[in-house]
Protein chains: 2
Amino acid sequence: MKNQFVYEFEAGNKGMKGLLGGKGANLAEMSKIGLPVPEGFTITTEACIQYYKDDKKITDTVKEEILQQLKALEAKTGKGFGLKDNPLLVSVRSGAAVSMPGMMDTILNLGLNFETVKGLEALTGNGRFAMDSFRRFIQMFSDVVLGISKHSFDIIFDGKKQQRGIKNDFELTKEDLAGVIEDYLLLVKTQTQKPFPMDPEEQLFLAIDAVFDSWNNQRAIIYRNAHDIPHDMGTAVNVQSMVFGNMGETSGTGVAFTRNPSTGENGMFGEFLMNAQGEDVVAGIRTPMDIKEMETVMPGAYEEFVQICSRLEHHYKDMQDIEFTIEKEKLYILQTRTGKRTAAAAINVAVDMVKDGIITKSEAIMRVEPEQIDKMLHPDFDPEALEEALLFGEGLPASPGAATGKIYFFPEDVVRARERGEKAILVRQETSPEDIEGMINAEGILTSRGGMTSHAAVVARGMGKCCVAGAGDILVDEVKKEVKAGGVLLKEGDYISLNGSTGKVYSGKVPVTRVNISGNFNLILEWADEIRELGVRTNADTPRDSRTAVEFGAEGIGLCRTEHMFFDESRINIVREMILARNLKDRQKALTKLLPFQREDFKEIFKVMEERPVTIRLLDPPLHEFLPKEEEDILTLAGELGISPEAIKDIVKDLAEFNPMLGHRGVRLAISYPEIYEMQVRAIFEGALEAKAETGRVPKVEIMVPLVGLVKEFTLIKAMVHRIAEEIFEGESTIPYKVGTMIEVPRAAIVADKIAAEAEFFSFGTNDLTQMALGFSRDDSGKFLAMYKEKGIFEKDPFSTIDVEGVGRLVEMGTQAGRGARADLKVGICGEHGGDPKSIAFFHSVGLDYVSCSPYRVPVARLSAAQAKIRSQQ
Amino acid sequence: MKNQFVYEFEAGNKGMKGLLGGKGANLAEMSKIGLPVPEGFTITTEACIQYYKDDKKITDTVKEEILQQLKALEAKTGKGFGLKDNPLLVSVRSGAAVSMPGMMDTILNLGLNFETVKGLEALTGNGRFAMDSFRRFIQMFSDVVLGISKHSFDIIFDGKKQQRGIKNDFELTKEDLAGVIEDYLLLVKTQTQKPFPMDPEEQLFLAIDAVFDSWNNQRAIIYRNAHDIPHDMGTAVNVQSMVFGNMGETSGTGVAFTRNPSTGENGMFGEFLMNAQGEDVVAGIRTPMDIKEMETVMPGAYEEFVQICSRLEHHYKDMQDIEFTIEKEKLYILQTRTGKRTAAAAINVAVDMVKDGIITKSEAIMRVEPEQIDKMLHPDFDPEALEEALLFGEGLPASPGAATGKIYFFPEDVVRARERGEKAILVRQETSPEDIEGMINAEGILTSRGGMTSHAAVVARGMGKCCVAGAGDILVDEVKKEVKAGGVLLKEGDYISLNGSTGKVYSGKVPVTRVNISGNFNLILEWADEIRELGVRTNADTPRDSRTAVEFGAEGIGLCRTEHMFFDESRINIVREMILARNLKDRQKALTKLLPFQREDFKEIFKVMEERPVTIRLLDPPLHEFLPKEEEDILTLAGELGISPEAIKDIVKDLAEFNPMLGHRGVRLAISYPEIYEMQVRAIFEGALEAKAETGRVPKVEIMVPLVGLVKEFTLIKAMVHRIAEEIFEGESTIPYKVGTMIEVPRAAIVADKIAAEAEFFSFGTNDLTQMALGFSRDDSGKFLAMYKEKGIFEKDPFSTIDVEGVGRLVEMGTQAGRGARADLKVGICGEHGGDPKSIAFFHSVGLDYVSCSPYRVPVARLSAAQAKIRSQQ
């Protein structure tokens with residue numbers, strides 16, 4: 001069988017991307033389903049391969065096929081190539097099988113010359129338009145095909161404008177443009193030693209050569225190397241007849257969405273301009289009319305368009321964004337693509353389409369971006385106000401949402417401002433656990449240091465509060481109570497606005513709006529729940545966070561950090577008394593004082609969580625984190641506790657560490673001071689008993705030991721837990737409980753089989769696991785991670801999206817080894833990655849039981865988990 | 001066939017440990033090879049099992065066998081059980097298949113009563129001895145068999161001494177002892193409601209019961225649980241006739257080594273006492289004679305003993321430590337065991353025995369403890385002087401050897417003292433690279449902070465210099481120039497002495513001796529070289545260290561740390577200039593100044609190493625390590641460089657890190673500042689070319705990239721190295737080189753296949769790999785590691801001996817994956833573990849190509865590598 005090198009659009013379909021390229025296959029698809037696409041044909045990728053085989057020559061066979069199709073095209077359009085009265089003009093576009101920016105640009109209006117330009121003028125009744133099209137064509141063709149830089153043409157064009165003393169392109173008359181063209185042609189002749197090709201056929205074949213050549217231009221080669229695309233695939237060439245919407249009052253052009261892209265409401269949404277080309281809409285000189293008004297001015301075309309929109313939605317099963325042109329009452333669809341939409345629209349469209357039977361629930365779930373779900377939960381800036389806002393600086397988008405308020409530098413000032421009814425933004429170099437009260441009362445938090453997993457970022461996300469972190473260019477002077485960036489100085493009490501979703505910081509007040517959450521929001525999440533296999537728990541340390549998380553659909557607590565409780569004002573000094581104790585007796589005295597507080601903490605959380613599992617992590621941070629560092633604070637503490645400041649300083653110095661991350665923390669504390677964990681376990685069990693007594697519901701207690709790397713660390717603590725359980729429980733007063741461990745030290749993942757023989761559950765602490773497996777301190781890596789992303793060493797921040805190849809492999813190994821030793825081992829993950837869609841997909845793929853994330857990420861996780869399941873089934 | 005429950009010694013051999021227990025099998029073995037062992041028999045472990053089956057009763061069949069053997073024993077010894085004139089006395093000992101401390105003690109002189117004690121008196125002519133033996137027997141029997149605490153007897157015995165107003169046991173007369181016995185027997189009667197058993201047969205069976213019962217006493221059960229020994233194996237019982245060396249002038253007792261345990265010289269070495277029992281030798285009342293004098297006084301026995309010594313050496317193929325007794329001219333061998341010896345003796349004995357054809361070279365190699373080899377290389381304290389020395393404090397034995405000298409607190413003071421001809425000890429809280437000159441000039445180094453892999457420890461080991469590190473109880477006040485411990489205060493200029501092998505610190509001067517290294521030392525290492533598969537390289541940063549290492553047999557450099565070169569006085573300020581540079585141009589200017597220094601560094605090392613491979617690690621530490629921290633030093637630097645102190649402080653602050661271990665260091669520096677590595681690579685290649693030109697030998701260059709975790713980090717550097725090579729090399733001026741990487745980030749071990757596809761060699765940096773895989777900062781973990789060892793969580797410091805299960809697994813995984821991707825991948829290890837025998841055995845087992853260790857550990861590594869190979873073949 002003879003090889004076919006050229007296909008008319010109607011002969012292909014969307015399955016022929018390899019042969020026709022992506023663009024060609026889509027044009028074919030639209031033609032195939034009967035849409036009025038401007039006629040044309042595609043020269044195949046095989047023709048391109050052949051071209052290279054033949055030393056960059058188009059062979060006669062291929063040439064013949066092209067000419068045949070050109071003939072057919074003339075017949076279909078009733079126009080003629082080079083025909084003065086009714087010229088056929090075409091666009092020429094490259095189109096490889098894989099989309100490849102860096103290849104040839106589009107050439108429009110190919111076929112124009114001094115003859116046909118007159119035909120175009122006659123047809124459109126617009127001499128200036130025709131001449132400008134000719135000018136653009138010469139410039140584009142010369143640039144792309146003849147290799148004369150655009151810049152040389154710009155000089156001529158700008159010269160003409162200067163000479164005429166005008167500012168805007170559209171002020172140039174037809175005659176001016178004719179003069180420009182004259183100069184253009186002169187330039188081409190001097191540069192190429194040949195006159196500009198005026199024969200349309202010659203133009204066409206030169207353009208086809210240029211597209212084929214562009215397959216091997218440097219940009220394309222680099223792009224293919226970078227994306228592992230084979231170099232021998234070749235590109236197709238699409239030749240399509242031009243249509244014009246400016247051929248009088250029965251012509252026009254427009255853009256429309258099949259549904260409202262802001263709300264998702266079902267109904268045409270868009271703009272339309274009579275007797276105009278697409279450029280006119282963009283230029284903004286004339287005001288377009290609402291698409292619905294088209295019904296009045298061009299009822300026939302409108303009706304056809306409405307029907308096409310419906311067909312397109314059903315065909316592509318999604319809201320479409322459609323460009324069209326009407327040339328002398330004939331409707332042409334130039335392009336259709338999936339319409340961009342707001343978060344609310346995405347959800348509403350997806351749900352409506354399920355209800356209309358267009359898509360399935362699974363498809364609906366796949367239509368919603370997890371980050372859109374997240375956006376729904378957080379306030380945003382009023383988009384119009386944002387356009388006027390003054391950018392002050394930029395940091396990391398650490399916790400989404402928008403916030404505006406007065407600047408305060410100290411937590412206590414934030415609290416006072418709040419009491420006065422002001423909205424406050426807490427601005428600090430970095431936050432520490434002591435700032436918690438200020439963070440709670442602030443609208444948003446801005447720090448100049450720290451990364452995506454800094455204290456400020458983690459705590460803010462937990463609260464669902466807007467936070468911009470690590471804004472290195474913003475200088476925060478807490479002593480002078482000033483904040484400076486790019487020459488602008490703001491003082492305490494001045495307004496500032498933060499966008500935690502983009503990391504942008506604005507000076508002044510920017511109004512904030514809140515998205516309305518519709519019933520569809522919950523509906524789509526319920527569908528996700530039906531589908532997903534991965535459980536979704538939350539990281540919550542307080543009854544308030546727990547309640548929020550349950551409302552968002554959390555099925556339990558995967559990580560309850562007990563250290564945050566230690567920082568509460570009512571107990572921090574007791575904690576310090578405990579740390580400063582020089583002997584066991586004094587330490588136990590302080591712990592005895594702490595016990596009732598902790599018991600109450602846990603009881604309240606158990607009451608909120610009812611019969612859902614609650615995983616409580618025993619104390620994790622190094623003790624020095626609880627001690628004051630500043631001279632002044634040490635003096636205050638010394639006074640309060642009746643200890644000499646020197647004694648406190650000695651202990652602070654003694655506890656100081658070179659690498660606290662790898663220091664005396666987690667279970668290591670409990671090996672040195674078993675009494676601390678003993679108090680906590682006692683508080684947990686007693687709190688659970690009280691909650692049971694008050695509510696009649698039996699809490700599901702899971703006690704988690706942090707930083708285990710050696711199985712004996714775990715067994716020592718487990719034995720202690722069982723001992724305390726025996727002391728406390730008797731008869732009816734019993735609470736079922738499990739003892740498990742974090743897997744966050746790389747060694748733990750390696751010896752997971754041995755640990756699982758002892759532990760009843762695992763929870764991967766992927767924050768620390770990432771730090772240790774990669775050797776990246778999260779507090780310090782900001783300094784080089786930016787450079788890493790720039791040089792393509794890391795595509796994503798490994799603290800945001802799990803490093804599948806490295807850290808992910810440890811999670812996989814640990815899970816497999818653990819389940820090998822204990823088939824019913826429950827395995828979850830409670831690092832920041834638990835709320836990241838890409839990471840969730842990975843956790844689904846390795847078969848974890850659940851992810852745990854901050855309350856505000858719970859809906860995102862529910863959706864992502866369902867999407868992961870659906871994707872894995874495809 | 002009838003089960004045999006009792007074996008006379010002659011009937012067994014050393015292969016019957018399961019049935020006869022360890023002790024019984026050894027007694028049998030000695031009897032079997034014809035040694036004059038006192039006669040006796042063993043009741044088997046099966047008899048013990050039977051005893052438990054029969055509700056703790058010795059059945060009649062077993063009893064009958066025992067009595068039969070007892071009869072036979074009487075016949076063989078010509079003595080009689082309970083016979084007044086010539087009593088048979090026996091010892092009864094437990095003896096399980098696996099040695100088990102915690103079981104029954106020995107009972108001696110069983111068979112004594114008021115009748116036989118007279119016989120003993122008659123036989124020995126020593127009434128006091130006989131009576132004291134009887135007293136001891138009653139006490140021992142009552143304690144072990146009847147369960148009456150030793151303490152009650154001690155009260156009686158001490159009461160008698162008080163009553164008689166004497167201090168020493170031996171001052172009690174026969175009559176005093178008779179009185180004590182009377183009281184003892186009264187005590188037994190009141191406590192047991194029965195008289196003490198005076199019938200020898202009854203004594204024997206009670207003792208056998210007691211041994212069987214002891215199998216299940218609490219200590220034994222705990223011991224078996226802890227060591228995974230089955231509980232149903234049972235213990236054997238050994239019944240052996242007593243012999244007496246105090247039966248007149250034809251009797252005696254002694255202890256002898258078959259060779260000199262200090263020097264290894266071949267020839268009898270020991271002591272002998274006429275007419276005496278073993279206790280007399282221990283009591284030290286009489287001065288024993290040299291064993292060789294025995295030839296004169298007891299020529300027959302001596303000749304026999306000499307022959308037996310030779311037989312024992314040949315039989316056990318090692319130097320023996322032998323206890324013997326001569327009873328009325330008859331020689332009995334009571335015990336033979338491998339003799340303890342000094343390092344020098346161990347080597348000399350092993351070599352001599354190979355020469356004498358007693359053992360093979362492999363056996364000789366297994367006879368020398370690696371740590372003995374190490375001891376040979378370092379000075380030691382004069383043992384006698386050490387007994388008088390005043391202990392000042394204790395730290396970690398960070399680098400072996402002994403040193404004595406005057407205390408100085410600052411490196412420059414050490415240098416000045418050395419110039420004055422004084423011996424100096426550098427005493428500091430901790431050392432930093434700036435102290436290097438002081439460390440070189442000091443006899444030894446003492447620090448109060450830091451662990452086994454602290455700067456002081458690592459550098460001192462590299463120099464083979466004595467160091468005690470992290471002596472936490474010793475308070476070093478560098479400002480006051482004082483050091484304090486346990487109330488003792490030493491000042492600058494006072495003498496102090498360090499033992500780096502034990503960690504002990506003494507106040508004052510303790511004379512130091514140096515072991516002479518014999519030719520046998522080198523011989524045994526040459527044998528080790530013939531056998532071992534593992535290569536041995538060294539970690540060396542200077543020509544001097546390289547030369548030392550080559551002399552010790554290093555086959556190349558496995559780790560040349562370039563940062564130590566940066567600290568040299570002549571260039572540290574250029575390094576600082578480079579770090580403080582605010583732009584690339586200034587940085588490159590400083591680097592250009594550094595280039596000639598580095599080139600010279602490398603050239604000299606290449607010249608020393610000749611054609612041996614030299615692995616050079618590019619810069620590793622974070623830049624802040626090179627900057628001064630103290631106000632004063634910053635001011636000085638500011639003056640020298642003409643920069644404002646504030647600018648320096650800003651940069652110091654800017655570079656500060658929370659966890660420098662996981663911070664901006666290693667290859668990460670080169671991603672941010674490629675020009676630093678570029679300079680180093682240039683210096684390496686140019687230095688290699690110059691060395692080649694000067695010596696005519698072609699250096700073998702291996703360039704190593706530190707801290708790689710992601711393959712792209714490596715490929716970026718590799719491309720740079722190749723580019724610089726292309727720039728520098730042409731024609732004849734070419735040096736072969738390899739580019740490889742450290743594997744020290746856990747992730748690197750996990751993705752080793754991907755890295756090996758690019759890297760030509762791996763070197764496991766097990767120091768950092770241990771820190772990251774375990775999450776243990778080596779600078780901070782001292783605080784809890786002691787507790788970890790105490791609680792049995794870690795048996796060994798994982799920074800000294802590799803954590804096989806965790807870190808070792810990563811080494812294994814990384815090696816396998818790496819070789820899977822590149823079959824000829826060279827894999828070594830250059831962490832501190834490279835010089836540790838246990839770790840070396842592991843590295844052999846996973847098939848590494850070489851270990852690299854500090855120069856002074858090279859001999860240890862050579863021996864350990866051979867031992868690992870030999871052990872793996874067994």
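A salt bridge here is a side-chain nitrogen of Lys or Arg within 4 Å of a carboxyl oxygen of Asp or Glu. By this rule there are 129 salt bridges over all chains. The model is predicted: local features need pLDDT of at least 70 and side-chain atom pairs count only at pLDDT 80 or more, while totals for chains, interfaces and linings use all residues. Residues are numbered from 1 along each chain as its sequence is written, chains are lettered from A and ligands numbered from 1 in the order in which they are written, and side-chain values use heavy atoms, with hydrogens and water left out.

**Stop 1: salt bridges in chain A**

Select Lys504(A) and Glu394(A), whose side chains meet in a salt bridge (3.9 Å, N to O). Lys504(A) lies in strand β22 (residues 504-507) of chain A and Glu394(A) in strand β12 (residues 390-394) of chain A, so the pair ties together parts that are 110 residues apart in sequence. Helices (H or I, at least four residues) and strands (E, at least two) are DSSP runs, numbered from the N terminus. Buried means under 20% relative accessible area, exposed over 50%, and partly exposed in between (1.4 Å probe, protein chains only). Lys504(A) is partly exposed at 28%, and Glu394(A) is partly exposed at 41%.

Next, select Glu600(A), Lys603(A), Glu604(A), Lys607(A), Glu690(A) and Glu694(A), which are linked in a network of salt bridges.

**Stop 2: a charged patch in chain A**

Select Glu434(A), Glu630(A), Glu632(A) and Asp633(A), which form a negative surface patch. Patch residues have over 30% relative accessible area and no salt bridge, with like charges joined within 9 Å and nonpolar side chains (Val, Leu, Ile, Met, Phe, Trp, Tyr) within 5 Å. Glu630(A) sits in the loop between β26 (613-617) and α25 (631-641) of chain A. With a relative accessible area of 52%, Glu630(A) is exposed.

**Stop 3: salt bridges in chain B**

Select Arg723(B) and Glu678(B), which form a salt bridge with the closest N and O atoms 3.2 Å apart. Arg723(B) is in helix α29 (residues 711-728) of chain B and Glu678(B) in helix α28 (residues 674-695) of chain B, 45 residues apart. Arg723(B) is partly exposed at 38% relative accessibility, as is Glu678(B) at 22%.

Move to Asp620(B) and Arg617(B), whose side chains meet in a salt bridge (3.9 Å, N to O). Asp620(B) is buried, at 7% relative accessible area, and Arg617(B) is buried at 7%.

**Stop 4: strand β5 of chain B**

Select residues 235-241 of chain B, strand β5, where 7 of 7 residues are buried. In a regular strand the side chains alternate between the two faces of the sheet. On one side of β5(B) are Thr235(B), Val237(B), Val239(B) and Ser241(B), and on the other Ala236(B), Asn238(B) and Gln240(B), all of them buried.

Two strands pair if DSSP finds at least two bridges between them. Strand β2 (residues 40-43) of chain B runs antiparallel to β5(B), joined by 4 bridges. Strand β3 (residues 90-96) of chain B is also antiparallel to β5(B), with 7 bridges. Center on Asn238(B): this residue is the bridge partner of Thr42(B) and of Arg93(B).

**Stop 5: an open sheet in chain B**

Show the 5 strands of the open antiparallel sheet in chain B, in the order β8-β7-β6-β9-β10. β8 (289-290) and β10 (330-338) of chain B stand at the edges, each with a single partner strand, so one side of each is left without a neighbour in the sheet. Within this sheet, select β6 (residues 252-259) and β9 (residues 320-327) of chain B, an antiparallel pair joined by 6 bridges. Finish at Phe257(B), whose bridge partner in β9(B) is Asp321(B).

Definitions and conventions: Areas by Shrake-Rupley, 256 points an atom, 1.4 Å probe, with all protein chains shown as cover. Lys, Arg positive; Asp, Glu negative; His and termini not counted. Charge placed at Lys NZ, Arg CZ, Asp CG, Glu CD.
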